[in-house]
Amino acid sequence: MLKKHPLSLYLVWIAILVLLPLPLIIILNSALVDSPSRLAIYDAGVIAYTWWLGIVFLSTRPRWLDRLIGLPAMYFIHGMVGVLALVVATIHVQLSFSMHAIIRNTGHIAWYLAIFGVLYASFFLSGWLVDRFPIAQKLKNKLQFFFKYQLSIWIHRLNFVMIGLIWLHVQVIPRISSITAFVVVFDIYTVVSLGTYAWYKFVSPSSEKRSGQVLCNSQVSDHVRQLHIQLGPDSAKVLPGDFYFLSFPKVAGVSKESHPFSVTDIQKSKSKREITFTIQTSGDFTKSLSRVSEGDRVNLEGPFGRFDKIISGDSDKTPLVLIGMGTGLAPLVDITRAYSKIRATHLMWSLHEEETDIFDEQLASLNIQASKLKFEKHLHRFKLDDYQNLLTQTEIKRGRFIIVGPARGVLETEKILHSLGVSRSHLTDERLTM
Ligand SMILES: Cc1cc2nc3c(=O)[nH]c(=O)nc-3n(C[C@H](O)[C@H](O)[C@H](O)COP(=O)(O)OP(=O)(O)OC[C@H]3O[C@@H](n4cnc5c(N)ncnc54)[C@H](O)[C@@H]3O)c2cc1C
């Protein structure tokens, strides 16, 4: 298990679950005189609150943390700690008692909001249910007629109301608010977490470093378009397989929320850097991208991604098997360009009939005939017997597999590959939902 995940992932779990609440727990338990069982009930409330502040911090997607553990892991911790916080908060709510209406009501309303928040996010914002149960996916697709992604994000922000209520709940408990050291540290935690979020939401998007300019926006098939963007002069280095969150703050008719897309191509020269995104126009935001024109400003948050770190950490003798579904090929094109000259590389692309030429320009530039690259283009998903026929024993036993596509397709592919003998620690994926 330790081999499958980086050590930094375990350290992040320990930092959030143990180190974060520790100072407040120490101060509270040394200042408050009460029985151990009553102190434990107070501790449960404090632990839940600090965990919620921790996940607010995580929602600002710190790039240094992405490079250490990856954004999907960060989202997983965000969701899982949210669930654990609710469990601990439930223990606190069920076992504590107060005669004061304001203490009781602030605590209870916050708890109801937390229950609603976890249930809503598990269904509408995470893949926990919909990626695994087709019936849940069908239901979500139906409900998304009204509960669009952006609306769900706003509903998720009710968690800030919950945090505000818990803050008030603590301030109005006389026995706690009289412990000055506790209140000071408690308030510092709150200000740092919410302040970081406010900075991330309102100040950082206007930074020069994060903006670029649209050079070209072309429709390459009925449901796919490519955006060609010039990056700002101070933008961070882009690695093969990276992705950005894009938003178009000044384009009328395009939502201001940011959405993730992988870099298909990077063109570098001394004076400028240009990147290309290949985008499936499937929902409200992606369909509205037809309104984006040459010269429009684009905000780019990122780059994020760990593919390059993982691949470069393997030996050069490890064969690389890259499996892309539809526009899931996007990050794999640049990985192929970077590694196919130094490593045995096998690029496998499954697609729909109407998507056959969407990557023509990029695939032509890979010069497949002249290189040692193995390439398969396959209408509809690869099945067990396709993999049996196309993969060599060396690839199955020693290969690094990178799979990118819709979450359900990725999970199914991983199941098939594992059944063929590919070790789970050699399977790395990117699911095109968060
Ligand atoms: C790491 C990553 C890389 C991606 N790369 C590409 C790519 O190169 N090309 C491509 O076509 N698609 C890519 N996607 C998928 C793309 O982000 C979604 O298809 C797009 O955001 C859908 O937005 P929509 O409003 O058009 O569709 P909707 O119908 O509103 O959304 C469809 C689904 O997309 C997901 N989604 C929507 N908005 C967001 C958001 N702001 N953040 C995270 N997930 C969201 C949700 O799961 C939602 O259920 C990538 C996704 C991820 C997570």
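User: At about what angle to β7 does helix α14 run?
Analyst: This is a predicted model, in which local features need pLDDT of at least 70 and side-chain atom pairs count only at pLDDT 80 or more, while totals for chains, interfaces and linings use all residues. Residues are numbered from 1 along each chain as its sequence is written, and side-chain values use heavy atoms, with hydrogens and water left out. Helix α14 (residues 330-339) lies across β7, β8, β10 (400-405) and β11 (contact: heavy atoms within 4.5 Å; helices, H or I of at least four residues, and strands, E of at least two, are DSSP runs numbered from the N terminus). Between N-to-C axes fitted to C-alpha atoms, for helices over the stretch in contact, on a scale from 0 to 180 degrees, the angle of α14 to β7 is about 160°.

User: Which helix lies across β7, β10 and β11?
Analyst: The helix in question spans residues 407-420. Running at about 165° to β11, it is α18.

User: Which strands stand at the edges of the open sheet of 5 strands?
Analyst: The sheet has the order β9-β8-β7-β10-β11, with parallel pairing (at least two DSSP bridges between two strands). Each edge strand has a single partner, so one side of each is left without a neighbour in the sheet. From one strand to the next, the twist averages 10°. The edge strands are β9 (374-379) and β11 (427-431).

User: What is the bridge partner of Leu322 in β8?
Analyst: Strands β7 (residues 320-325) and β8 (residues 345-351) run parallel and are joined by 6 bridges. In β8, Leu322 is partnered by Leu347.

User: How far apart are the end C-alpha atoms of residues 7-28?
Analyst: An unreviewed UniProt entry lists several spans as "transmembrane region", among them 7-28 and 151-170; such annotations may be inferred rather than shown by experiment. Residues 151-170 are 95% helix, with end C-alpha atoms 30 Å apart. Residues 7-28 are 91% helix and 0% strand, and their end C-alpha atoms lie apart by 31 Å.

User: How much of the ligand's accessible area does the protein cover?
Analyst: A polar backbone atom of Ser258 is 2.8 Å from a ligand nitrogen, and a backbone N or O atom of Gln280 lies 2.7 Å from a ligand oxygen (polar contacts are N or O pairs within 3.5 Å). On its own the ligand has 890 Å² of accessible area (Shrake-Rupley, 1.4 Å probe). The protein covers 89%.

User: Which element gives the largest share of the shell around the ligand?
Analyst: The ligand is surrounded by 23 residues (a heavy atom within 4 Å). β5 (273-280) and α12 (284-288) are among the elements giving two or more. The largest share, 4 residues, comes from β4.

Terms used:
A polar contact is a pair of N or O atoms within 3.5 Å; within protein, one must be able to donate a hydrogen and the other to accept it, and residues adjacent in sequence count only if both atoms are side-chain atoms.
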